[in-house]
Amino acid sequence: MKGSDSLKKNPAILIIHGLGEGIEDNENFFNYIQKTHEFDVYMFTLPGSNRKNKTKKGYHDWLDIAEENIKSLEKEYDDIYIVGHSMGAVISCFLASLHNVKKLVLVAPAFGVFNFKQNIIDIKNKIRHNEEETPDSKVFYDIVFSRILSVPLRSYKNFILFTHKYKNCVRYVKCDSLIIYGLNDEIVPKRVVDGAYELLASNNKVYIEYEKVGHVVFQSKRKDEINKDIYNFLIGGKKWTCKKKRKK
């Protein structure tokens, strides 16, 4: 084991993508954070999470590769932060409940059971209802539909099994935590995210809701604002005036 004086000085940020996604979906946030030169940023691909990397591997393999990545970082860094999107946020909670993670960011955390048929109906309804009022709704819907159609059915099954088994790991997360949620989310209901916030065991937890933002947070028109909010939380330079806030 390396001595503390030989560990890297910058904190490490591990970014974990969601179901049907890849590392490219979080590339905007990755580039934003990397340009600050204040963090060492890492990403990896979850096997079988979309048709591009189709495999018979399941959620146990997702957890294994996530464990491999954080254990590798623990050999090099004292301070490790995790940023997870959607299903990746649930995996992030799992890691934070077992490892010495200093800060955790949950972006559109997908706690709860995914219902494929119902999500299709919900998305169609949101298209009809929000097409005028959401500036970048068409971008969201195009991305969300393509993601849903690209995910193997086996991966949906594994996601449901994984979420059901590990949804309560949020109760054991004690590190500083930030939840980011778009109020126009096409996939994750607000009640699910509200529940996760209440269950978080952290004494320092912040919950920010953004109007006119959907599930694909890092590709929304407010992505720069959201990136900055996450950066401020991670860098610790901004004093949050309240635990829960909504941004119009």
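Contact here means heavy atoms within 4.5 Å. Before you start clicking, note that this is a predicted model, where local features need pLDDT of at least 70, side-chain atom pairs count only at pLDDT 80 or more, and totals for chains, interfaces and linings use all residues. Residues are numbered from 1 along each chain as its sequence is written, and side-chain values use heavy atoms, with hydrogens and water left out.

Select Thr163 to begin. Leaving aside residues up to four places away in sequence, Thr163 touches Ala110, Phe111 and Gly112. Thr163 is part of helix H6, residues 153–166 (helices are DSSP runs of H or I, at least four residues, and strands are runs of E, at least two, numbered from the N terminus). With 1% relative accessibility, Thr163 counts as buried (buried is under 20% relative accessible area, exposed over 50%, partly exposed in between, using a 1.4 Å probe and protein chains only).

Next, show the aromatic rings: the whole structure holds 7 aromatic pairs (rings of Phe, Tyr and Trp, its six-membered ring, with centres within 6.5 Å; planes under 30 degrees apart are stacked, over 60 edge-to-face, the rest tilted). Pick Tyr42 and Tyr77: their centres are 6.0 Å apart and their planes at 75 degrees, so this pair is edge-to-face. Tyr42 sits in strand S2 (residues 40–43) and Tyr77 in the loop between helix H2 (59–74) and strand S3 (80–85), 35 residues apart. Tyr42 is partly exposed at 29%, whereas Tyr77 is buried at 3%.

Now move to Tyr197 and Tyr207, a tilted pair with 5.2 Å centre to centre and 45 degrees between the planes. Finish with Phe39, Tyr81 and Tyr231, which form one aromatic cluster.
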